[in-house]
Amino acid sequence: MASAPATTESDAHTRPEDVTWFRTRVLWRLLVVSYRFLPLALTYARDRRRFLLFGSGRQVTGEQQVERARRLLNVLVALGPTFIKVGQILSTRPDVLPGPYIAVLQELQDRVPPADWAEVKPVIETELGPIEETFEEFDTEPISGASLGQVYTATLDGERVAVKVLRPNIRARVAADLRVIEAVVPLLIRGAEPGQAFTLENVADEFAATIREEMDYRHEARMLETIRANFADDDWIRIPRAIEKACGDRVLTMEYVEGTKITDIHTLNAKGIDREELVVRLEEAYVQMILEDGRFHADPHPGNLAVQDDGTIVFYDFGITGRIGPRLQEQIFDFYVAIARDDIDGVIDSFVAMGALDPTADRRLLREMFEIVLESFRGQDVDQYRVQQLVADFQAELYEFPLRLPQELALIVRVTTVLEGVSRTLDPDFDLIALVTDYVREEGYAEQGVRELLDRAGDELEALARGLVTSGPTLERVLDRTNRGDLTVRADLTDDGGLFDDVAGLVVCGLGFVGFVFAALVLALAGESTAALLAGGGAGLSVLGVVWLGRTRSGVSATPQFTRQNLRAREDGRADEVDGGYAQAYGDVGEE
């Protein structure tokens, strides 16, 4: 494979003339973008103030929102590849746009005509060398195209391959558009509702990172091979292998794997493929990628999924992938457990723990919303009037405390949304909740239950220990603030025999006994017999400690002390009266 020249498209802006060109393009794109978006911006501004500078707000109907969403879609398409990608990201972010916008933008596809072969050929030869020397055959008509790249077929070492090529000069164009977006986002944040600033900034960062990764074909090759290795033992999942010697920064060569588009119901039926089983297989593959492997294919639209004649699912295009850390995997599993238990409050708590929801959100509205979402995932018919009422209540609240999706979680939401559409196409009665419940029960429900019991026991023991530590100071504050008439009393307790120490020891040993017994039971249920025996031994030692401390005898005495009111009485010559009144009221406490 020929090496790339010293000066590539990625570093073209280092020369002064290229810097000037880049700045000129950014300025020009800023003017074009502003011109395209100005009518929409004025419309949204008038929604707040009918006459821009004064006047009341306007009520926007659902039909008007759909019409505006169509206008937004047309603007994004007219602005080209970068803004088409922006629209595709926004179509999966209900925390940014209302429902009508989401529905319209989900129709957005890469409506970009293929680049001329005369422009594409130099890109391939810059990365790989002369095409005639690298490939035996090369079909110059692309078999698919998108806003960032297009795919050709060729023959390499006698094998049919797919060659994915980045569009000419696309990185420079995207870089300029990203600068424009970077300049515009602060203005959007300033004009947005207070609770949406975080969300808009998060979406902008997510988009910049995603589109840069999508233009890095070496990164795509690595992700392809990583996820392919994770499914090496699964005969029902097929991922094309990357052919390393014919890959470059802007060219990715893979084995060519044919298949039927996953939403081509007519062809799938003709081939006798079980569509219900296909849905289960697809969903289980994503559960494995997200909860077990920590690397997942993040763009499962129908064009990237195919089915072979035996029912094997083929994944294409790993330009957008996600990474999930162990902590987030545990939180998502807890979310699945809450779904399996039909625990709506647990679902809400999981969203809060993942940083996806403001803890101050109105739980009544959220509970109603999640109930409807879960019903729809179960394949149940949802009362449309109920939905309309909920949307009316939730619309204002949403923008005060929006779903604050971190980048990793936003990708999962995107995958779930697109995957749900694909699954419903294959099987209208598909029940996602049932699949999640089965997974939780088979893969970790018991372990989750044991872990929860241990965590709960630990929390309770910690609370009891904290209570022991803080009870002394609390008792002192209570005694200091006790009033009887005009007389404030403070008692200094003395423990000459060490009774307090013995009582504390008894409490600690008692807690230790309870904790060890509880741990022994839990560990025995979990099958950890050795650890359970050790815990039982700890319980026995705790009992011996209780017996030993119970043999000790000691006493407590208290001597009344006078406060400032008593001191003033003494100074006034009424000390005897006060002393007598105190003794009569309280008596003396001593050893019995």
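Let me begin with a question: is Asp342 buried, partly exposed or exposed? With a relative accessible area of 48%, Asp342 is partly exposed; in these terms, buried means under 20% relative accessible area, exposed means over 50%, and partly exposed lies in between, with a 1.4 Å probe and protein chains only.

Before going further, a word on the basis of these values. This is a predicted model, in which local features need pLDDT of at least 70 and side-chain atom pairs count only at pLDDT 80 or more, while totals for chains, interfaces and linings use all residues. Residues are numbered from 1 along each chain as its sequence is written, and side-chain values use heavy atoms, with hydrogens and water left out.

To return to Asp342, this residue is found in the loop between α12 (326–340) and α13 (344–353); helices (H or I, at least four residues) and strands (E, at least two) are DSSP runs, numbered from the N terminus. Its phi is near 60°, a positive value in a residue other than glycine. Most residues other than glycine have a negative phi. Asn169 also has a phi near 60°, and its place is the loop between β4 and α7 (170–191). At 52% relative accessibility, Asn169 counts as exposed.

I turn now to the salt bridges. A salt bridge here is a side-chain nitrogen of Lys or Arg within 4 Å of a carboxyl oxygen of Asp or Glu, and by this rule the count comes to 20. Lys164 takes part in a salt bridge with Glu220, at 3.1 Å from N to O. Lys164 belongs to strand β4 (residues 159–166) and Glu220 to helix α9 (residues 217–230), so this pair ties together parts that are 56 residues apart in sequence. Both Lys164 and Glu220 are buried, Lys164 with a relative accessible area of 11%.

Lys164 also meets Asp317 in a salt bridge, at 3.0 Å from N to O. Asp317 sits in the loop between β10 (313–315) and β11 (321–323), so its pairing with Lys164 of strand β4 joins parts 153 residues apart in sequence. Asp317 counts as partly exposed, at 22% relative accessibility.

Gln150 lies in strand β3 (residues 149–156) and, at 1% relative accessibility, counts as buried.

Finally, how do helices α11 and α16 pack? Helix α11 (residues 275–293) and helix α16 (residues 407–426) pack at an angle of about 170°, with their axes 9 Å apart; axes are lines fitted to C-alpha atoms over the stretch in contact, and angles run from 0 to 180 degrees between N-to-C directions. The two helices, α11 and α16, are therefore roughly antiparallel to each other, a term for angles over 145 degrees. Among the residues making the contact are Leu278, Leu282 and Tyr286 of α11, and Ile412, Val415 and Leu419 of α16.

Within helix α11, Arg281 and Glu277 lie four residues apart, about one turn of the helix, and their side chains meet in a salt bridge at 3.8 Å from N to O. Arg281 counts as buried at 14% relative accessibility, whereas Glu277, at 38%, counts as partly exposed.

Definitions and conventions
Angles under 35 degrees count as roughly parallel, over 145 as roughly antiparallel, 65 to 115 as roughly perpendicular and the rest as oblique. Contact means heavy atoms within 4.5 Å.
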